Amino acid sequence: MARYAHDEAVQHFTEALALIPADELAARCQLLFAREAAYNWQGKRVAQADDLATLAALAVALNDRRVQAEVSLRRASYARQTGVYQTAQTQALEAVMAAERDRLLGFLDSVVNGVSRISSDFPDVTDTSSNLGVFKLAQ
């Protein structure tokens, strides 16, 4: 049986965050993205939501559209997994718009692919396909 080391990974990311100075925002983002992913795999939604909130604040402080797009994409995935489909749709659109605003073309492709996976699960969200038409503008 395969054994995954998510608990150990979370512990190491947490310890590393404690060592990184508070003003090293980019480094903190990288560690938080990694820890958030581990929490996602573990299904620890409260801890995952906390990291996503911290990441959103760091993205604003960094004024980095790529980080903002990645946070929105991860928030969309989180919302889909927790059944909040309207929020998932909104966050997915924000991810595309953030990537498109700065013409992060290589990154935009990965955002659009991520959003496509997320949006395929939207039940009962009205007019999803037309709302996601912004992808055509982004491409």
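**View 1. Arg-66 in helix α4.** Arg-66 lies in helix α4, where helices are DSSP runs of H or I with at least four residues, numbered from the N terminus. This is a predicted model, in which local features need pLDDT of at least 70, side-chain atom pairs count only at pLDDT 80 or more, and totals for chains, interfaces and linings use all residues. Residues are numbered from 1 along each chain as its sequence is written, and side-chain values use heavy atoms, with hydrogens and water left out. With a relative accessible area of 42%, Arg-66 is partly exposed (buried is under 20%, exposed over 50%, partly exposed in between, with a 1.4 Å probe and protein chains only). A C-alpha separation of 6.2 Å is found between Arg-66 and Ala-99, which are 33 residues apart along the chain.

**View 2. The crossing of α3 and α4.** The axes of these two helices come within 9 Å and cross at roughly 155°; axes are lines fitted to C-alpha atoms over the stretch in contact, with angles from 0 to 180 degrees between N-to-C directions. Residues in contact (heavy atoms within 4.5 Å) include Leu-52, Leu-55 and Ala-56 of α3 and Val-67, Val-71 and Tyr-78 of α4. α3 and α4 are therefore roughly antiparallel, the term for angles over 145 degrees.

**View 3. The largest nonpolar core.** Eleven residues make up this core, among them Leu-17, Cys-29, Phe-33, Leu-58 and Val-71. A nonpolar core is a set of buried Ala, Val, Leu, Ile, Met, Phe, Trp, Tyr and Cys residues joined through side-chain atoms within 4.5 Å. Two or more core residues come from each of α2 (25–42), α3 (45–62) and α4 (65–81). Leu-17 touches Arg-28, Leu-31, Leu-32 and Arg-35, leaving aside residues up to four places away in sequence.

**View 4. Helix α2 and its end.** The 18 residues of α2 reach 25 Å from first C-alpha to last, close to the 26 Å expected at 1.5 Å a residue (1.5 Å times one less than the number of residues). Buried positions in α2 include Arg-28, Glu-36, Ala-38 and Tyr-39. The buried residues of this helix pack against α1 (6–19), α3 and α4. Just after α2, Gly-43 takes a positive phi of about 75°.

**View 5. The whole protein chain.** The secondary structure comes to 8 helices and 0 strands. Of the 139 residues, 38% count as buried. Among contacts between residues at least 6 apart in sequence, 54% join residues at least 24 apart.

Definitions and conventions. Parallel < 35°, antiparallel > 145°, perpendicular 65-115°, else oblique.
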